[in-house]
Amino acid sequence: MDAERGLLDLTEYRHRKQMIAEEQARAVYESAKDFCRHEPNIREIVRAKMIFTKRFAPVEKDSLTEDVFSEWLLFDYKTIKGTTLFFQFLQSRALSPSQKTLGAVMMTLPWEPVLVEKHESDDTLCLPLLGDHREWSRLRGKTCLKEDRVYFVRKVPLVTHEWILGPVFEAGSPDSVDEMKMRYGQRYQENGGLWRAFLKEEAPEFILTD
């Protein structure tokens with residue numbers, strides 16, 4: 001009986017720690033988005049839009065393109081100084097030690113392609129489609145996902161579950177995942193490189209390509 005009670009207490013403790021970590025991750029993300037809205041100068045934004053349009057979105061703008069650009073601008077765009085805006089945010093804001101640790105993890109996260117197997121409320125069971133560990137993972141985060149669809153997500157590893165960071169984008173076309181795997185395989189054979197770096201550079205194309 002004591003063992004069962006101890007197990008229940010540990011489960012409850014880990015659940016509480018997960019909720020705290022989610023709130024901290026959400027707070028860091030929202031603060032970073034606010035930084036991105038107000039801190040970059042016009043020259044930086046114009047430069048970013050030119051690069052993004054040339055690489056990923058040569059056609060007319062729409063809400064999806066703007067949403068993808070907004071997230072890319074924060075996490076993946078390299079500024080004139082050679083750093084990301086998210087890195088500049090971490091360097092310029094007074095954060096708690098736990099928030100700094102979360103921020104350091106968040107800074108490295110690419111949009112990862114995942115296949116959704118099951119989605120209930122804010123829990124999602126999904127299979128990563130590219131990377132070192134092709135294992136089922138459970139995500140938390142309030143968003144609307146459909147089963148048997150492929151989405152690109154940034155996911156933060158926390159205590160008991162990974163947590164969805166920011167918006168989720170469905171793959172642009174049924175063939176985009178196959179094209180992505182082929183392109184990554186070619187790049188890896190030519191010059192090596194990590195899958196995370198590949199997705200950091202290329203993911204928007206597979207989201208926006210019809």
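Is tryptophan 72 buried or exposed? I looked this up first. Tryptophan 72 is buried, at 4% relative accessibility. I note that the model is predicted.

**Overall layout**

I went through the chain for its elements. I found 7 helices and 5 strands. Along the sequence I read the pattern α-α-α-α-α-β-β-β-β-β-α-α. I then looked up burial. Of the 210 residues in the chain, 42% are buried. Residues 24 or more positions apart account for 61% of them.

**Aromatic pairs**

I looked up the ring pairs next. The structure holds 13 aromatic pairs. I took phenylalanine 56 with tryptophan 72 as one of them. Their centres are 6.2 Å apart, and their planes stand at 75°. Phenylalanine 56 sits in the loop between α2 (42-55) and α3 (63-75), while tryptophan 72 is in helix α3. The two are 16 residues apart, and the pair links distant parts of the chain. Phenylalanine 56 has a relative accessible area of 7%, so I wrote it down as buried.

I turned to phenylalanine 75 and phenylalanine 86. This pair is stacked, with 5.0 Å centre to centre and 25° between the planes. Phenylalanine 75 belongs to helix α3 and phenylalanine 86 to helix α4 (residues 85-92), so the pair ties together parts 11 residues apart in sequence. I found both phenylalanine 75 and phenylalanine 86 buried.

Which residues form one aromatic cluster with Phe75 and Phe86? I listed Tyr29, Phe35 and Phe89 beside them.

**A charge over a ring**

I looked at tryptophan 111 as well. Arginine 154 lies over the face of this ring, 4.2 Å from the ring centre.

**α2 against α3**

I went back to the helices on either side of phenylalanine 56. At what angle do α2 and α3 pack? I have about 120°, with the axes 11 Å apart. That angle makes α2 oblique to α3. I noted the crossing of α2 and α3 as right-handed. From α2, the contact uses Ile45, Ala48, Lys49, Ile51 and Phe52. From α3, I wrote down Thr65, Val68, Phe69, Trp72 and Leu73.

Key
Residues numbered from 1 in each chain as written. Predicted model: local features only at pLDDT ≥ 70, side-chain atom pairs only at ≥ 80, totals over all residues. Heavy atoms only, no water. Phe/Tyr/Trp six-rings, centres within 6.5 Å; stacked < 30°, edge-to-face > 60°. Helix = DSSP H or I, 4+ residues; strand = E, 2+ residues; numbered from the N terminus. Buried < 20%, exposed > 50% of the residue type's maximum accessible area, 1.4 Å probe, protein only. Lys NZ or Arg CZ within 6 Å of the ring centre and 35° of its normal. Axes fitted to C-alpha atoms, helices over the stretch in contact; angles between N-to-C directions. Parallel < 35°, antiparallel > 145°, perpendicular 65-115°, else oblique. Left-handed = near helix turned anticlockwise from the far one by under 90°. Contact = heavy atoms within 4.5 Å.
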